[in-house]
Amino acid sequence: MARRLRPVGLDFVETAPIRLVFAREIAAAPEPVFRALAEDVPGWTAWFSAVTLARPTDDGVGREIRLRGGIRAEETILAAKSPEVYAYRVDVINAPGARALVEEWRLTSAGTGTRVQWTFTADGTAAFRFIMRLARPGLGRAFRDAVTSLDLRLAQ
């Protein structure tokens, strides 16, 4: 059953009880990476294997996301500052125990490429927070695989 989450702002990235931060350097420059994140939302399914559907909503200020395993979410874009940051809040999700979720993608130049940092932040019930901490290695692997796939896609 889908539930409405607490409407937090971008500051939640720094204050959330659960903060999982992952980073990787890739060869692609920041501008095309930003475009893939923020402007080609349906393209996420081509490089992020956990994402089975991604589409912009509300004239681009929101997103509908579906993940493997049946997770469905409605999101609001909190920041889209090219080519530095792309962040969104989950407003509605069918994951039990979640109370607030924000994800931030931060891009910085790294030589001729990009350092991609993904910060996954959350709050929820004690059981939800426990499961999210256990999920850290899997989320890290999903991030690394996705960013590697995105880099290969952008190189074509």
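Visitor: In which loop is Asp 59 found?

Guide: Asp 59 is found in the loop between β3 and β4, where strands (E, at least two residues) and helices (H or I, at least four) are DSSP runs numbered from the N terminus. This is a predicted model, in which local features need pLDDT of at least 70 and side-chain atom pairs count only at pLDDT 80 or more, while totals for chains, interfaces and linings use all residues. Residues are numbered from 1 along each chain as its sequence is written, and side-chain values use heavy atoms, with hydrogens and water left out.

Visitor: What is the phi of Asp 59, and is the residue buried or exposed?

Guide: Most residues other than glycine have a negative phi, and most peptide bonds are trans. Phi of Asp 59 is near 55 degrees, a positive value in a residue other than glycine, and Asp 59 is exposed at a relative accessible area of 85%; here buried means under 20%, exposed over 50%, and partly exposed in between, with a 1.4 Å probe and protein chains only. Asp 58, in the loop between β3 (51–57) and β4, has a positive phi of about 50 degrees although it is not a glycine, and with a relative accessible area of 59% Asp 58 is exposed.

Visitor: Which residues does a cis peptide bond join?

Guide: A cis peptide bond joins Ser 82 and Pro 83, with omega about -10 degrees, and Pro 83 lies in the loop between β5 and β6.

Visitor: How many aromatic pairs does the structure hold?

Guide: A pair of aromatic rings is described by the distance of the centres and the angle of the planes. The structure holds 15 aromatic pairs, counted when rings of Phe, Tyr and Trp (its six-membered ring) have centres within 6.5 Å, with planes under 30 degrees apart called stacked, over 60 edge-to-face and the rest tilted. The rings of Trp 44 and Trp 105 have centres 5.6 Å apart and planes at 85 degrees, so this pair is edge-to-face. The pair links distant parts of the chain, since Trp 44 is in helix α3 (residues 44–47) and Trp 105 in strand β7 (residues 98–110), 61 residues apart. Trp 44 is buried at 2% relative accessible area, and Trp 105 is buried at 1%.

Visitor: Over which ring does the charged end of Arg 63 sit, 4.0 Å from its centre?

Guide: The charged end of Arg 63 sits over the ring of Tyr 88, the criterion being that NZ of Lys or CZ of Arg is within 6 Å of the ring centre and within 35 degrees of the ring normal. Arg 63 also lies over the face of Trp 44, at 4.4 Å from the ring centre.

Visitor: Which residues have the most contacts inside the largest nonpolar core?

Guide: In soluble globular proteins, nonpolar side chains tend to be buried together. The largest nonpolar core has 40 residues, and those with the most contacts inside it are Trp 44, Tyr 86, Leu 101 and Trp 105; a core is a set of buried Ala, Val, Leu, Ile, Met, Phe, Trp, Tyr and Cys residues joined through side-chain atoms within 4.5 Å. Apart from this core lies another, of six residues, among them Phe 12, Val 13, Ala 100 and Val 102.
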